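Trainee: I would like to learn how to read a model like this one. Please take me through it feature by feature.

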Amino acid sequence: MKIRWFIVLFPLVSVVVLSLAVMQHAAHAGPPQGVLATSAAKAANASAAASPAGSMAIPDTTLAINSDKPMSERVVHYEIDAHYDATTHVVDATEVLTYHNLTGQALDHFPFHLYQNAFQPNATWVREAKVAGNRDTGYDKWEAKEYGAEEIKSLEVVGQGNVTAQMHYIAPDDGNQDDKTVIDVPVPKPIAPGEYVQFKILFQTKFPETQARSGWKRDFVLGGQWFPKVGVWWHGAWNCHQYHAMSEFFADFGVYDVKLTVPQFEVVGASGVKVAEVSNSDKTKTVTYHGDDIHDFAWTASPRYKVKDDGVFNGQMGPVRMQILMQPAHWSQVERHEKILKESLEHFESWYGPYPYKTITLVDTEPGSAAEGMEYPTFITGGTTWWMPEGIHEPELVVEHEFGHQYWYGMVATNEFEDAWMDEGINSYTEVKVLDSILGKYTSIMNIAGATMGEREEQRLGYISAADLDPIAQKAYDYQSYGSYGGITYGKTASVLLTLEGIIGPDTMAKAMRVYFMRYRFTHPTKEDFLHTIEEVSGQNLRWYFDRAIYGSPVLDYKVLKIESYPANWYEQKKSSQKDDKNTIYHSVVYLQRKEDFVMPVEVEIKFDNGEKIREHWDGASRWTKFTYEKNAKVTSAEIDPDHTIQIDRNNFNNSYVVEANTKPTTKVTNYWVFVTQWLAQALAWWAV
Amino acid sequence: MAERQGLLTSGWARLGRNKRYLVWFYLLNLSLARFGAAAFNNQAHGILDHSLYSGRLVHGFDMAVFGEMLARPEFGPTAASSAASTGFAVLFFIATALFLPGVLQGYASTYRLPREDFFRACGRNLWRFIRLMIVAAIVFGIVAAALFGIQGALVKAAGESTNELLPFYVSLACLTVIFLAMSVLRIWFDLAEADVVLSDQRAVRRSIAKGFRHTWRSLGSLLSSYVLTTIVAAIILVAGIWVWMRLVPADGVYRAILISQLTLFLLLIPRFWQRGVAVTYYLQNMVEPIAVQTFAPVAVVAPVVTPADEPVVAPVNPGSPETQAS
């Protein structure tokens, strides 16, 4: 055959072979057929059998924690028996919820979250996400497979009868009649203070293709926010918000006993500790998990996870088993994941307090799914790709961040609907601290081919992108946009706390954080609980700062406005044409300006050409100030905040001024720009003419 | 193989004899890129020159500082700087199209092409090249759209697979095929361009047809030559960036400029080498033979001898009035 025929046939054959290969692999993507025997009917039968439901009490088990007594005030006990159909992505389950009324008053109704109903076109979540933006979903091509649903088929209040007909959806936040993410359940006889009530619920959840870190992708599933979950009685009222595009969750502590029946080929991971696994005759298996002192339960299943579960961290309260579920193509990174998980545990235990749980499960979620980077009690998801270079610390960043949530969300269980900054923001602050320590202050995000970036700067960039839009202290779903929600709750909070560290000192801040964690773990603290703790530990009244940085939205921007140095006898010099010498006395003036509304005292360092440095203090009260000097030296530079403790200055470039221009930085970045331009021009000319 | 080696060797020799074109094109590109970067440069000067914070761009390269610079309102919209640079990149492409006929003429010459001949070739072929480029754009556009469309569909289908690496391998394979297909098209139109200039062909369609025939006829040797030169280009780019990253310290700004510009200069070589290959191929295989008129041999006739008794005529003076009158 002549070579030209080979050249022509090669691409054709390649395309055909690729097509066949792709189709074959796609065909293998689903689970084996014929092994899925679960059904609603079967689940219903199981529900009937599975629920003698225990007694009317919350167990005081400690199976899942390294403690011989409960660590939280346990309000709820969930017993769930769930059957997952991997073909339809539907869970049919029974739930027995025992609730201990510790509210101090009689309760005659109970609101429940039905989170998966958020993923419907007229739900509040979708309405908000469509306008304000969203991390994962583009609505131009929103397909039916991305719909989720969660339905209570039957609900019985034990001893009071079936109240299914009396349940009704409510929309406490926006009155959206089409939103079905909260359902209110009346109880015929009010539950007296101190009493228990038990609900028997038959429900069905249909997962969407992953939305907001929950759902399925190919043959993977992540079961998050998947069961009817009761609201929290908080500050004298039920706190049970609708599911919003810009918010997360809030729930009471308790005990979870969950049975998951899945196809036998699935590898399963979940919150808590695994207590049993039995094979069923219908090619399914039932895996049972138990969790103590947690406020949510998530699980995952995929036939392709590779598991590393031999890692043990010897924590302050006892051993912690680290279970890591990796994608096969990421297996070479398993040690990397385990290392950062272990280092995170070490830092958090050392700095903030003990990790009391016996397990931590890290899940490397399905590629392309919207399930990466999420926290659930004792269960987190990471985020990596098969090609991730060592110098890009994305996996470390995600794992550390999600692990940090075991403290700031998992144990210090703040209200994420109303105070999102108290979990995401405080967690972002500790993330900066921990990653600085592990990976370096300026290299914790990346350190590759000479390019570097630190986590504190990334947080600051997030903040300055939305600096003048929203205050920190407001409800999560009230932010102007998803960008503002992210920039303020994560970036601004981290930057504000790093700046606070500069005000009260790093040691005091570290102590305050530890006190806050130890005092409020296993509770639902408010923002004032946090702020008061810092004031108490530091012994300072910091209201001036909190009012501006936490409750307000003024922007901080200080600038070195002008530097002037001229000979004091300039007029005489001019007449005699005398030149400057080292005995010449100079009159120097340094002007500083506060460009925006955030008033904050600052330090400024002024350098002279004889090597002398002077530090000045400015309270920032006026719009501008000046410092004048008579010396036999000229001012060469001035720098506001020379110790770089202020992270919330919107413009770092104008914080300093050097009299003699240094063109090197510009020359360098321009060279990059010119190189790219020339290369593109040559590439265009190569192919187009 | 021998044919390919001949093409490469001869093409390289033509490149060597006409190094000045490389220098001109390099300088032209550099000048245009500098103009294009003027806005970026001025804005960067305004923000960076007097700030201590910008030191983090010199001692290493802090992406956060760079990102913050681009985000500053006084820097202006990054799109404005990009638009200027893109405009000047397009200008270089147009200039290449304008001056290429002169380069091809120079490559085909056995002597150093005088400047006026160079520009004459450029001017004479300007409109022909515009037509040629329009046709090329249509052909490239159709083929690229089809192939990239197929690639997109295949990668999307591969994305449904549980094998995470499959989309990558599919992409890689598709891009290889697309590269080969685009190279074939490039050869076709390179030969057409050579034919237009060197045959002084006004009918561009004939050169395109001729280029297609010859591309098809010698696809193996031509494609392998082009692929090899492209591999050389890739090696130059990777090696240049490697040297830049590894051997030039972060604050060695002027050394970085030197290395980056040397890399860009060397990157021009493979394409001009390909031009040399196309011209060589044209001269070896595409030149129309010159029609030679043959004449039938004339029989030599013996001189007629005038009999001796005939009167002797006086010799004719060609300039005499009698002769002219006749």
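Mentor: Start with pairing: two strands pair if DSSP finds at least two bridges between them. Helices (H or I, at least four residues) and strands (E, at least two) are DSSP runs, numbered from the N terminus. This is a predicted model, in which local features need pLDDT of at least 70 and side-chain atom pairs count only at pLDDT 80 or more, while totals for chains, interfaces and linings use all residues. Residues are numbered from 1 along each chain as its sequence is written, and chains are lettered from A and ligands numbered from 1 in the order in which they are written.

Trainee: Which residue in β20(A) is the bridge partner of K308(A)?

Mentor: I324(A) is that partner. Strand β19 (residues 306–314) of chain A and strand β20 (residues 319–326) of chain A are antiparallel, joined by seven bridges. Together β19(A) and β20(A) make a hairpin, with four residues between them. In the turn, G318(A) has a positive phi of about 145°.

Trainee: What is the order of the strands in the open sheet that holds β9 and β15 of chain A?

Mentor: In general, strands of a sheet pair through backbone hydrogen bonds, either parallel or antiparallel. Here the order is β9-β10-β18-β15 (chain A), four strands with antiparallel pairing. β9(A) meets strand β10 (residues 220–223) of chain A through three bridges, in the antiparallel sense. There, G215(A) faces L222(A) of β10(A) as its opposite residue.

Trainee: Why is one side of β6 and of β11 of chain A left without a neighbour in the sheet?

Mentor: Look at the order first: β6-β7-β3-β11 (chain A), an open sheet of four strands with antiparallel pairing. β6 (168–169) and β11 (229–230) of chain A are at the edges with a single partner strand each, so one side of each has no neighbour in the sheet. The partner of β11(A) is strand β3 (residues 107–113) of chain A, antiparallel, over two bridges. F112(A) stands opposite V230(A) in β11(A).

Trainee: How many residues of chain A are in contact with chain B?

Mentor: Contact means that the C-beta atoms of two residues, placed from the backbone, lie within 7 Å. By that rule, 68 residues of chain A touch 72 residues of chain B. Among the elements giving two or more residues on the chain A side are α1 (3–27), α8 (455–464) and α14 (664–688) of chain A. α14(A) gives the most, with 22 residues. The chain A side divides into 36 nonpolar, 23 polar and nine charged residues. Ala, Val, Leu, Ile, Met, Phe, Trp, Tyr, Cys and Pro count as nonpolar, Asp, Glu, Lys and Arg as charged, and the others, Gly among them, as polar.

Trainee: Which strand of chain B is joined to β25(A)?

Mentor: Strand β1 (residues 61–62) of chain B, which runs parallel to β25(A), with two bridges between them. T452(A) is opposite D62(B) in β1(B).

Trainee: Where in chain A is the pLDDT below 50?

Mentor: pLDDT is the predictor's confidence in each residue, from 0 to 100. Where it is low, the predicted coordinates should not be read in detail. Chain A averages 92, and 91% of its residues score at least 70. Residues 26–54 of chain A are below 50. In chain B the average is 91, with 88% of residues at 70 or more. Residues 318–326 of chain B stay under 50. For the complex, the predictor gives an ipTM of 0.88 and a pTM of 0.89.
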